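Biologist: I would like a close look at one helix pair and the salt bridges around it. Please take me through that part step by step.

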Amino acid sequence: MTETFAPRGQFLSLHLLETLVAVLPVRDENGSPKTLVYGGAERHMITSQARRRAERVHARNRANAGQGPLAGRTTSLRTREWALITARALESDHGWDKDEAVTTARAVLEATGLKFGEPSKKTVANLTKVLLFAPADTGDRIAAHIAAEAEDLRTWRDAYLSAQSATGAPKRGTRKPPEENGGDEEGETAAKTKDLPPLPKASRAAVLTALAPRDAIDIALYGRFLAEIADSPNVDGAVQSAHAFTIHEAEQVDDFYAAADDAKLERKKNALDFLDAADDAGAGMTGYQALISGTFYRHAVLDRRQLKVNLQVAGMTEEQAREAAIAAEEEFVNAFVEAFPEAKKNSTASTGSLPGIVLAFEGERPYNYAGAFQKPVDENPLSDDDKKTGGEGPAGLAGVRRLLRHHTFVAARRPDIRSARLLTYDPQVDALLDELNTAGTERVNAIGGLTP
């Protein structure tokens with residue numbers, strides 16, 4: 001019996017409203033909350049980068065723990081430590097000496113095209129200059145190849161390091177020859193690497209294969225860009241994420257805190273006279289931290305066609321790509337609803353928040369409803385007759401009214417919009433949905449119901 005599937009729209013659009021109280025999920029370089037100006041008013045912002053990482057890590061952790069639709073599938077790591085990871089695998093799995101393993105792993109990756117930190121700076125000497133998003137087993141694969149080709153690669157490594165030392169930069173305190181002054185960094189790097197013995201072709205191919213996205217689901221979802229190695233495939237991600245912002249003007253408080261010094265308080269408690277107690281007066285540390293509150297609008301889109309293409313390009317058959325794409329979509333929607341940036345999570349319990357409402361629907365193009373909140377929500381109380389003479393009341397409920405009115409208006413004019421579904425975790429919103437016109441939408445009770 002052949003299973004048939006109803007045609008689905010190319011894009012799955014997700015829209016979410018969540019209310020957060022006294023949190024600080026992201027900060028700028030000065031430790032202050034991030035903001036943007038929209039509709040003539042300052043709004044608090046949670047960046048798409050912070051959101052995407054939270055979602056990606058949430059999905060990866062569940063998959064690695066054998067939970068959810070991606071259980072047992074390949075996921076990735078984004079790190080600068082691939083040389084160290086490879087070296088640890090050489091040491092633990094293949095019995096290499098630690099120092100030799102690190103030196104060899106760095107040389108192999110560097111010869112492939114990756115740039116590393118300055119050798120004289122121990123903290124960054126074995127770290128790549130850029131974060132590299134690659135399948136989690138990349139280090140194991142590279143280590144296995146190095147161990148298998150140990151004799152040839154040791155000979156190559158010694159020649160590579162010797163040539164590199166001979167063409168290295170002048171020691172500190174020495175002058176460059178006049179003709180070398182003014183050269184650009186890329187030109188100098190190219191000149192230095194031109195005379196280095198190239199990595200054997202088979203080894204370079206093995207490293208590129210290990211670094212390739214392969215069947216890593218999260219790379220297919222969120223994409224990857226690696227400019228340093230021209231022949232390493234980049235991936236155009238299937239997920240588009242918008243910055244989240246408050247639907248009303250920014251609300252912030254600078255919270256003064258005083259941290260107690262336990263040892264000082266114990267001495268004060270056991271002081272023999274008032275002079276000893278006075279010497280131990282005062283807090284151990286004081287300071288301020290900014291905290292924000294508000295109702296945020298969040299939006300993301302999944303391009304189903306791009307996701308399937310990414311998986312097929314990675315080597316999956318059409319049937320394998322279809323099955324993996326369905327699982328990836330389920331996990332992506334789950335992470336969009338469940339995941340949250342973890343900054344200040346212990347002192348604000350921000351990761352325990354649940355959205356007030358989630359709206360999901362299909363279409364032949366992405367749809368962003370940020371325009372519904374261009375005018376900041378007026379949280380003054382509603383007038384008795386609910387006319388424009390009063391405010392809109394609490395932002396959480398006012399935001400739901402605006403979002404659904406906006407969706408109803410747009411959906412009536414865009415025939416490709418279909419399969420609209422609503423999920424709420426707020427009993428007040430649930431009661432409000434009974435009052436509003438939600439024709440054309442289906443209410444569901446679990447995240448899994450948001451995708452058909």
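Modeller: First, a definition for what follows: helix axes are lines fitted to C-alpha atoms over the stretch in contact, and angles run from 0 to 180 degrees between N-to-C directions. Note also that this is a predicted model.

Now the pair itself. Helix 11 spans residues 304-313, and helix 12 spans residues 318-338. Their axes come within 9 Å and cross at roughly 130 degrees. That angle makes helix 11 oblique to helix 12. The crossing of the two helices is right-handed.

Which residues meet in this contact? Helix 11 contributes Arg304, Leu307, Lys308, Leu311 and Gln312. Helix 12 answers with Glu318, Ala321, Arg322, Ala324, Ala325, Ala328 and Glu329. By class, the contact of helix 11 with helix 12 has six nonpolar, one polar and five charged residues.

Take the charged residues next. Glu318 and Lys308 form a salt bridge, with the closest N and O atoms 3.6 Å apart. Glu318 lies in helix 12 and Lys308 in helix 11, so this pair ties together parts that are 10 residues apart in sequence. The cut-off matters here: exposed means over 50%. Lys308 is partly exposed, with a relative accessible area of 24%.

Glu331 forms a salt bridge with Arg62, and their closest N and O atoms are 2.9 Å apart. Arg62 sits in helix 1 (residues 48-64) and Glu331 in helix 12, so the pair links distant parts of the chain, 269 residues apart. Glu331 is buried, with a relative accessible area of 1%.

What does Arg298 meet? The side chain of Arg298 meets that of Glu18 in a salt bridge, 2.9 Å from N to O.

Strand 1 holds one more point to check. Ala22 is placed in that strand. Its phi is near 50 degrees, a positive value in a residue other than glycine. Most residues other than glycine have a negative phi. Ala22 is partly exposed, with a relative accessible area of 30%. Arg214 likewise has a phi near 50 degrees. Arg214 is found in the loop between helix 7 (201-211) and helix 8 (217-222). At 13% relative accessibility, Arg214 counts as buried.

Finally, the setting. The protein chain has 15 helices and 12 strands. Of its 452 residues, 42% are buried. The salt bridges come to 21. Among contacts between residues at least 6 apart in sequence, 75% join residues at least 24 apart.

Note on methods: Residues are numbered from 1 along each chain as its sequence is written. This is a predicted model: local features need pLDDT of at least 70, side-chain atom pairs count only at pLDDT 80 or more; totals for chains, interfaces and linings use all residues. Side-chain values use heavy atoms; hydrogens and water are left out. Helices (H or I, at least four residues) and strands (E, at least two) are DSSP runs, numbered from the N terminus. Angles under 35 degrees count as roughly parallel, over 145 as roughly antiparallel, 65 to 115 as roughly perpendicular and the rest as oblique. A crossing is left-handed if the near helix is turned anticlockwise from the far one by less than a right angle, and right-handed if clockwise. Contact means heavy atoms within 4.5 Å. Ala, Val, Leu, Ile, Met, Phe, Trp, Tyr, Cys and Pro count as nonpolar, Asp, Glu, Lys and Arg as charged, and the others, Gly among them, as polar. A salt bridge is a side-chain nitrogen of Lys or Arg within 4 Å of a carboxyl oxygen of Asp or Glu. Buried means under 20% relative accessible area, exposed over 50%, partly exposed in between (1.4 Å probe, protein chains only).
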